[in-house]
Amino acid sequence: MGMKKTYAAAVTIFVVLALFLIKLERPAPVKIGATYMNLNNPYFIALNDTIRRQVEGRGDILIARDPALDQSRQNEIVYEFLEEGVDVVIIQPLDARKVQPAIDACYESDVPVVVVDSQIYDNSKVLFEVVSDNYKAGRLIAEDMNEKYSGGNVLLIYQNNTKSSSDRAQGFQDHIQEKFQIVKTVDNVEGLEATMEQVNICLEEGLEFDIVVCGNDPTALGALVALQNAKLDEQTEIYGVDGSPDAKMMIARGYLSGTSVQYPSEIGLSCVENLYVYLNDEPYEKEIIVDVTFLNEENLKDYNVIGWQ
């Protein structure tokens with residue numbers, strides 16, 4: 001009986017020691033800080049959800065914080081991440097230039113930065129970028145209009161400080177035919193409510209337009225609400241960018257004319273996969289550009305209307 005107890009005790013000690021050694025050998029989880037333009041936009045939420053699933057599925061930690069469309073606050077969030085000892089920062093910058101102090105701080109702290117969705121102008125201090133083909137997104141809207149309409153007055157609404165939005169506007173302007181006239185450009189608007197306000201101002205000023213081209217889907221939906229309130233929605237074409245579930249539903253009901261489709265799940269997946277290639281000391285890509293497509297009522301059946309693609 002004494003021998004059995006001795007043997008059992010020895011086995012117990014061995015198991016405890018083995019578990020202790022395994023715990024010692026297991027690397028500490030990678031701690032990643034992520035900050036987006038905001039976490040109200042459904043596109044940004046979908047992007048963050050994909051990144052979170054991929055990071056936490058590897059046993060690591062993702063801390064996501066919302067700057068509420070404030071670049072100064074986003075910079076502060078990055079400084080907080082550095083104080084908290086994150087290993088990597090993922091950022092979707094609001095302002096392609098004003099974000100630079102935060103990028104510089106990470107560089108000086110030897111913390112790699114991954115830029116997602118919207119590039120910055122000086123990317124020499126970032127690890128890599130993963131973005132949609134934003135120029136093409138604007139081009140696809142122009143091509144649809146060139147084919148469908150004989151001409152018209154265009155109200156262009158986008159966010160100039162955000163490179164993704166400005167690239168879309170540039171792609172649109174470079175490819176729209178001369179039969180269209182851009183009667184006004186509003187280049188400092190982001191989101192549904194701000195767009196409603198700006199479209200209302202345009203209407204109060206007596207601006208006449210047949211088409212509204214927007215930098216993203218929330219902006220397009222804001223324009224739609226303002227035009228519905230003015231009972232002008234049925235005579236105005238509205239375009240957006242994102243391919244959001246809400247926009248697809250509005251296209252199905254005939255309220256929006258089309259949207260250039262982004263793929264947040266693919267962007268998030270590419271971001272995390274490329275990051276872990278780097279963390280494993282393997283060659284990684286410095287720039288990943290994810291293709292976009294165009295959606296309207298003619299090809300709506302090819303897309304998942306309820307969710308993101």
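I will start with the conventions and then turn to the sheet and to one arginine.

This is a predicted model, in which local features need pLDDT of at least 70 and side-chain atom pairs count only at pLDDT 80 or more, while totals for chains, interfaces and linings use all residues. Residues are numbered from 1 along each chain as its sequence is written, and side-chain values use heavy atoms, with hydrogens and water left out.

The sheet is open and parallel, with six strands in the order 2-1-3-4-5-11; strands here are DSSP E runs of at least two residues and helices are H or I runs of at least four, numbered from the N terminus, and two strands pair if DSSP finds at least two bridges between them. Strand 2 (61-65) and strand 11 (287-290) stand at the edges with a single partner strand each, so one side of each lacks a neighbour in the sheet. Strand 5 (residues 128-132) is joined to strand 11 by four bridges, and valine 131 stands opposite isoleucine 289.

Now to arginine 168, which lies in helix 6 (residues 163-175). Arginine 168 is buried yet has no salt bridge, the nearest side chain of opposite charge being aspartate 117, 4.5 Å away. Buried means under 20% relative accessible area with a 1.4 Å probe, protein chains only; Lys and Arg count as positive and Asp and Glu as negative, with His and the chain ends not counted; and a salt bridge needs a side-chain nitrogen of Lys or Arg within 4 Å of a carboxyl oxygen of Asp or Glu.

Technical notes
Buried means under 20% relative accessible area, exposed over 50%, partly exposed in between (1.4 Å probe, protein chains only).
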